[in-house]
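Here is a short briefing on one protein model. Look at the structure first, then read the points below.

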Amino acid sequence: SSGINAEYGVTCRDIQEQCKAERIPWTMAKCLDTFCPIGPLVSPDKIDVANTEITLKQNGVLRQHGNTADMIFSVPTLLEYVAAHITLLPGDVLLTGTPEGVGPLARGDVLEVAVPGITQATFYVK
C-alpha cells in the first residue's frame with residue numbers, strides 16, 4: 001500500500017564532515033541506529049501532496065516549517081523518477097528532504113514531526 005507519513009531523518013554532522021574530508025560517501029552519517037524514526041502511515045487521498053504543511057518542534061519550540069509546494073521537485077515527479085530507476089515495493093520509504101531549520105540535537109530532546117491536522121509523531125533522542 002502507499003501513503004504519507006511524518007518521519008525524522010537524522011544526519012550526524014561530525015561523521016558527515018569526516019566523510020566529506022576523506023572524499024567518501026557519507027551514508028554512515030545518516031544510517032546509525034534510531035536515525036530515521038517513521039510515524040504512522042496515512043492514506044494519500046487524505047493529503048494534497050502538492051500543498052501540504054510540514055512542521056518540526058524540538059522540545060516544544062517550532063524549528064522547521066515548510067510546505068510541499070516549496071519543494072524543488074513535486075512528490076509525483078520524485079516518485080516517477082525513482083520508480084523509473086528502482087523497483088518500489090510495498091513497505092519501501094522515499095524520503096524527500098527537509099525544510100529549512102536543521103540544527104543540533106541532544107540526548108533527551110523531544111521531537112514532534114507533523115503534517116498538521118493529518119498526522120503527528122513524537123520521537124525521543126537517546
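**Briefing: one residue, then the whole fold**

Thr119 sits in strand S4, which covers residues 119-124. The model is a predicted one. Start with this residue, then step back to the whole protein.

- Is Thr119 buried or exposed? Its relative accessible area is 9%. Buried means under 20%, so Thr119 counts as buried.
- Which residues does Thr119 touch, not counting those up to four places away in sequence? They are Ala6, Pro40, Val42, Val113 and Ala114.

**The overall fold**
- The protein has two helices and four strands.
- Read from the N terminus, the order of elements is α-β-β-α-β-β.
- The radius of gyration is 15 Å, close to the 14 Å that the globule rule gives for 126 residues, so the protein is as compact as a globular protein of that length.
- The C-alpha trace spans about 40 × 40 × 25 Å along its principal axes.
- Take the contacts with a separation of 6 or more: 57% of them join residues 24 or more positions apart.

**Inside and surface**
- Of the 126 residues, 25% are buried.
- The protein exposes about 8800 Å². Carbon and sulfur atoms supply 56% of that area.
- There are 9 positive and 14 negative side chains. The centres of these two sets lie 7 Å apart.

**The nonpolar core**
- How many residues does the largest nonpolar core have? It has 11: Ala6, Tyr8, Val10, Cys12, Phe35, Leu56, Leu111, Val113, Ala121, Phe123 and Val125.
- Strand S3 (110-115) and strand S4 each supply at least two residues of this core.
- Leu111 is one of the core residues. Leaving out residues up to four places away in sequence, Leu111 touches Tyr8, Leu56, Lys57, Gln58, Leu105, Ala121, Thr122, Phe123 and Val125.
- Ala6 and Val113 belong to this core, and Thr119 touches both of them.

**Leu95 in a loop**
- Where is Leu95 found? It lies in the loop between helix H2 (75-85) and strand S3.
- Leu95 has a relative accessibility of 43%, so it counts as partly exposed.
- Beyond its neighbours within four places in sequence, Leu95 is in contact with Glu7 and Cys36.
- Leu95 and Ala6 are 89 residues apart in sequence. In space, their C-alpha atoms are 9.9 Å apart.

Conventions
Residues numbered from 1 in each chain as written. Predicted model: local features only at pLDDT ≥ 70, side-chain atom pairs only at ≥ 80, totals over all residues. Heavy atoms only, no water. Buried < 20%, exposed > 50% of the residue type's maximum accessible area, 1.4 Å probe, protein only. Contact = heavy atoms within 4.5 Å. Rg over C-alpha atoms; globule rule 2.2 N^0.38 Å. Areas by Shrake-Rupley, 256 points an atom, 1.4 Å probe, with all protein chains shown as cover. Lys, Arg positive; Asp, Glu negative; His and termini not counted. Charge placed at Lys NZ, Arg CZ, Asp CG, Glu CD. Core = buried A, V, L, I, M, F, W, Y, C linked by side-chain atoms within 4.5 Å.
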